[in-house]
Amino acid sequence: MILFLISLGIFAFDDYGVFMTNNGIGVPTSIEASNSIIDEVHIKQDTSLTFTSQKENWLPSTIGIAKFQDDLHYGNFTLYSQEITHLKFKKRLTNSLQWITFSTVVFDKDVTTYETIDRLIEADEEYQYGICASTDTIEGDLKTATITTSFDGMFISDKDSYYKLIYNYNLGDIVSNQGNSIIETLGSVYPTIMYSSTNYQTGSLQCMLISDTTLLAGGAIDIKVEKALRKQIMTFLTNKKAKLLKDSSGNFMVISIVGMPKLTPHNELSQQLYDLSFEFIEICDATNEDSLILVDLI
Amino acid sequence: MALTTPLLLPIVSFDSTQSYEFIFNSIGGSQVLRNNLEIYNNSTNTLVYNQNIESFQFKHTLPANTLTNTTTYKARIRTGDVYNNWSSWSSYSLFTCYQPAVVSITNLIGGIANNQNYTFTGNYQSFGDDISSYLFVLYDENGVQLDVSPITYSSTIEATFALQNQTNYKIELKTYSQSGVTISSGLISFMAVYLAPIMGAELQLTNLSTQGAVEVEIIAVDYTATASGYTFTSSEWIDLTVSGAIVSFVEGLNTINNNYSIKLYFKNIPTSTTFLKIISGYGNIEISYCENRFHAWQTAMGLVSHFVNNADITVTSSDMVCLEIKYIDGLIDVIAEIYI
């Protein structure tokens with residue numbers, strides 16, 4: 001039986017002009033437009049926004065906006081009939097003109113949220129981040145936002161993993177190494193100093209290794225997790241790959257581990273916790289994209 | 001003190017229609033007061049120029065149009081002092097006169113580069129002194145050098161630079177001839193203008209202070225509608241007025257949880273004809289316009305319900321209307337307004 005209800009007379013509902021039945025069609029599977037000339041279609045999930053005849057930009061609740069600028073796309077790109085293949089994540093210090101592309105992801109039409117973690121940051125610096133949609137041949141215009149970074153402690157990381165070294169951490173002297181040679185000649189009162197282009201930093205670091213599990217356990221040491229953490233970090237430190245070392249005081253460098261990383265047990269704790277110490281040497285410019293690619297940090 | 005033998009510096013090919021300074025050096029000996037330059041046609045060995053110049057300077061200016069282009073000559077010089085003593089002749093230096101090549105950039109029509117990675121092409125019109133190598137130099141609009149192409153030894157003159165959209169630049173082609181002459185196209189101003197994808201969503205940045213990192217997130221959506229019988233007009237509108245013309249949106253609708261809104265900006269709205277249809281597995285909603293109201297007819301689970309906007313709105317075929325259909329828990333809010 002088909003019940004036919006019309007919102008007239010006493011059945012009318014003041015706000016909606018509607019007969020109060022909520023036998024709705026539910027979530028649509030398709031929306032079809034015809035018999036008109038259309039400028040724009042905006043589909044969104046949020047129905048609480050006050051009506052405005054002004055065209056709205058992309059909202060968090062937006063499903064799609066079709067602008068019909070010579071194509072049938074209804075995403076949040078203005079594509080000019082081009083095909084997106086990649087999204088490029090870029091950044092720069094706001095006081096620098098040099099952009100670094102730190103991540104490139106393949107664009108998938110079935111994926112709508114893209115996120116990436118950038119560990120190549122200095123503490124308390126203002127960065128401008130940008131994302132551009134790229135075709136095979138063209139990088140799109142950058143969509144940008146700015147953030148001031150903030151963190152405490154010391155971190156050592158590579159492209160895939162990171163370790164926070166914060167407990168009892170003791171950073172040794174940071175030495176700037178610049179090659180030079182003093183030449184004393186018989187005919188001169190003063191020597192001649194020759195400098196090489198070598199210029200890098202070296203240092204050492206010591207800290208106590210404690211897992212998050214032990215920290216949250218209120219005094220009890222999780223021996224199994226501590227053992228796994230020690231194994232992980234020693235594997236990480238001896239994998240011969242470049243690493244990023246940074247701390248809240250502003251140290252920020254690409255390093256290699258040199259010498260012999262060392263684990264020293266706390267015998268008073270029955271060897272359940274260990275101190276970690278290692279030496280490092282700076283190997284390239286942490287702000288240069290080509291160098292970072294070369295050492296596999298981006 | 002006797003005069004020492006002068007040294008005639010290497011002579012770069014030059015245009016014989018222009019004057020040219022022959023530079024020489026004289027080390028030690030008496031003070032040089034005059035010099036004497038001789039130029040011979042190299043193929044006939046005939047003397048074509050022989051002049052003295054009274055000067056302390058170590059140069060001898062050859063007047064324009066003394067020699068002939070595309071001819072090879074040899075030159076030598078000697079110096080004289082106040083006592084009319086002459087030095088020995090320098091060694092001969094060989095050179096050829098050429099009309100300078102004309103260098104130009106050939107593909108900046110209208111001063112526009114219409115691609116992000118733009119390949120500049122150049123032309124080298126030779127008058128005997130062929131090209132040896134070239135390079136392109138890219139400058140910003142203030143003449144600050146931004147990039148330079150590798151020196152290329154090829155007869156095909158081209159180089160590619162990455163350009164920022166809507167940005168003014170200058171480009172220069174520098175060529176080196178086989179006789180060592182540098183010729184420039186000069187700095188040519190142009191603007192990079194091209195169609196590049198633009199993202200509409202905002203970038204979300206989060207400080208991950210416990211990880212010493214920043215999380216970067218963006219929503220990137222590229223859905224495509226399907227359509228038939230349509231035409232685009234003015235790169236702004238889709239015309240669906242032809243019988244059977246339709247555009248359908250399917251992608252992304254499965255992300256709707258419950259309620260939703262569809263906002264249309266459109267014109268040429270028919271009377272008593274469905275122009276928007278929302279379809280689900282439980283039924284459909286048909287939107288039409290008649291009797292100065294927009295109507296939504298919802299047919300769901302065998303029930304039909306009817307919703308209209310709450311105020312009369314008179315719409316002509318040329319009026320542009322903003323219509324919002326809000327689906328809220330099975331009820332439909334219809335709101336319409338004429339916009340300019």
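This is a predicted model: local features need pLDDT of at least 70, side-chain atom pairs count only at pLDDT 80 or more; totals for chains, interfaces and linings use all residues.
## Strand pairing around β15(A)

Strand β15 of chain A spans residues 192-209.

Strand β13 (residues 167-171) runs antiparallel to β15(A), and three bridges join the two. A:L171 has A:L205 as its bridge partner in β15(A). Strand β14 (residues 175-183) is also antiparallel to β15(A), with eight bridges between them. In that pairing A:S176 faces A:Q201. Strand β18 (residues 274-284) is joined to β15(A) by eight bridges, again antiparallel.

## Contact between chains A and B

In chain A, 93 residues are in contact with 99 residues of chain B. Strand β3(A), residues 37-44, gives the most to the chain A side, with eight residues. By class, that side has 44 nonpolar, 33 polar and 16 charged residues.

Strand pairing also crosses between the chains. Seven bridges join β3(A) to strand β24 of chain B (residues 260-267), and the two strands run antiparallel. A:I37 is paired with B:K267 in β24(B).

## Nonpolar cores

The largest nonpolar core has 97 residues. Which of them touch the most other members? They are A:I38, A:V41, B:A220, B:I325, B:I332 and B:V334.

A:I38 has contacts in both chains. Beyond residues up to four places away in sequence, A:I38 touches A:A33 and A:F68 in chain A, and B:W237, B:I238, B:L240, B:L264 and B:F266 in chain B.

## A:L244, a buried position

A:L244 sits in strand β16 of chain A, residues 243-247. Is A:L244 buried or exposed? A:L244 counts as buried because 22 other C-beta atoms lie within 10 Å, and the cut-off for buried is 20 or more.

Neighbours within four places in sequence aside, the contacts of A:L244 are A:R119, A:L120, A:S157, A:V254, A:A286 and A:L297. A:E282 lies 38 residues from A:L244 in sequence, and their C-alpha atoms are 9.4 Å apart in space.

Key:
Residues are numbered from 1 along each chain as its sequence is written. Chains are lettered from A and ligands numbered from 1 in the order in which they are written. Helices (H or I, at least four residues) and strands (E, at least two) are DSSP runs, numbered from the N terminus. A residue is buried if 20 or more other C-beta atoms lie within 10 Å of its own, exposed if 12 or fewer, and partly exposed in between; C-beta atoms are placed from the backbone. Two residues are in contact if their C-beta atoms, placed from the backbone, lie within 7 Å. Two strands pair if DSSP finds at least two bridges between them. Ala, Val, Leu, Ile, Met, Phe, Trp, Tyr, Cys and Pro count as nonpolar, Asp, Glu, Lys and Arg as charged, and the others, Gly among them, as polar. A nonpolar core is a set of buried Ala, Val, Leu, Ile, Met, Phe, Trp, Tyr and Cys residues joined through C-beta atoms within 7 Å.
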